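Open the structure in your viewer and keep the selection tool at hand. We will go stop by stop, with a short note on what to select and what you will find there.

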Amino acid sequence: MQLVGETAVYGLEVGPETRCEHYRGERDVVAFRFACCERYYPCFRCHAAVADHDAVGWPEARFDEPSVLCGACGTTLTAPTYLDSDSWCPVCKAPFNPGCKDHLERYLER
């Protein structure tokens, strides 16, 4: 477990900006909150590796609650804010990996 700001992030080899064993690129600075355990993970592979249950993405009915963490500044974002961000943190302007959106069905109910 790694603290990013005040938020605990779980996974394999999680660094201070949420990079993990699976995604270590410069723009890999987000973590997603999973509804099944209310924990943040850098990626679905980290959840599969360390959780003892199947992953359940963040439900659309709870999109008004924080569910995405910017690893660069520690700000938590709601799903709509993240989806509207154009792959940039709206607070600190850190670039997010646009490839994360290719896996959104694993993180956010759509």
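The tour below starts with aromatic rings, moves on to the strands around them and ends with a database annotation.

**Before you start.** This is a predicted model, in which local features need pLDDT of at least 70, side-chain atom pairs count only at pLDDT 80 or more, and totals for chains, interfaces and linings use all residues. Residues are numbered from 1 along each chain as its sequence is written, and side-chain values use heavy atoms, with hydrogens and water left out.

**Stop 1: the rings.** Select Tyr10, Phe32, Phe34, Tyr41, Phe44, Tyr82, Phe96 and Tyr107, which ring pairs link into a cluster. Rings of Phe, Tyr and Trp (its six-membered ring) pair if their centres lie within 6.5 Å; planes under 30 degrees apart count as stacked, over 60 as edge-to-face and the rest as tilted. How many aromatic pairs does the structure hold? There are seven.

Now zoom in on Phe32 and Tyr82. Their ring centres are 5.6 Å apart and their planes lie at 85°, so this pair is edge-to-face. Phe32 belongs to strand β3 (residues 30-34) and Tyr82 to helix α2 (residues 79-83), so the pair ties together parts that are 50 residues apart in sequence. Helices (H or I, at least four residues) and strands (E, at least two) are DSSP runs, numbered from the N terminus. Are Phe32 and Tyr82 buried or exposed? Both are buried, where buried means under 20% relative accessible area, exposed over 50% and partly exposed in between (1.4 Å probe, protein chains only).

Next, select Phe34 and Tyr41. This aromatic pair is edge-to-face too, at 5.6 Å centre to centre with 80° between the planes, and both residues are buried.

**Stop 2: charges over rings.** Show the side chain of Arg39: its charged end sits over the ring of Tyr10, 4.0 Å from the centre. Then show Lys101, whose charged end sits over the ring of Tyr82, 5.6 Å from the centre. The test here is that NZ of Lys or CZ of Arg is within 6 Å of the ring centre and within 35 degrees of the ring normal.

**Stop 3: strand β3.** Select residues 30-34. Both faces of β3 are covered: Val30, Phe32 and Phe34 are buried on one side, Ala31 and Arg33 on the other. Two strands pair if DSSP finds at least two bridges between them. β3 pairs in the antiparallel sense with β5 (residues 66-70) over three bridges, and with β4 (residues 39-41), again antiparallel, over three bridges. Phe32 has Val68 as its bridge partner in β5 and Tyr41 in β4. In the hairpin of β3 and β4, with four residues between the strands, look for Glu38, which takes a positive phi near 60°.

**Stop 4: strand β5.** Four of the five residues of β5 are buried, so this strand is largely enclosed by the rest of the structure. Cys70 in β5 is the bridge partner of Val30. β5 also pairs with β6 (residues 76-78) in the antiparallel sense over three bridges, and here Val68 stands opposite Leu77. Five residues lie between the strands of this hairpin, where Gly74 takes a positive phi near 85°.

**Last stop: the annotation.** Select residues 13-94, which UniProt lists as "domain: CHY-type" in an unreviewed entry. Over residues 13-94 the chain is 15% helix and 20% strand, and the end C-alpha atoms are 21 Å apart.

Key
UniProt positions are given in the numbering used here, feature names are shortened, and annotations may be inferred rather than shown by experiment.
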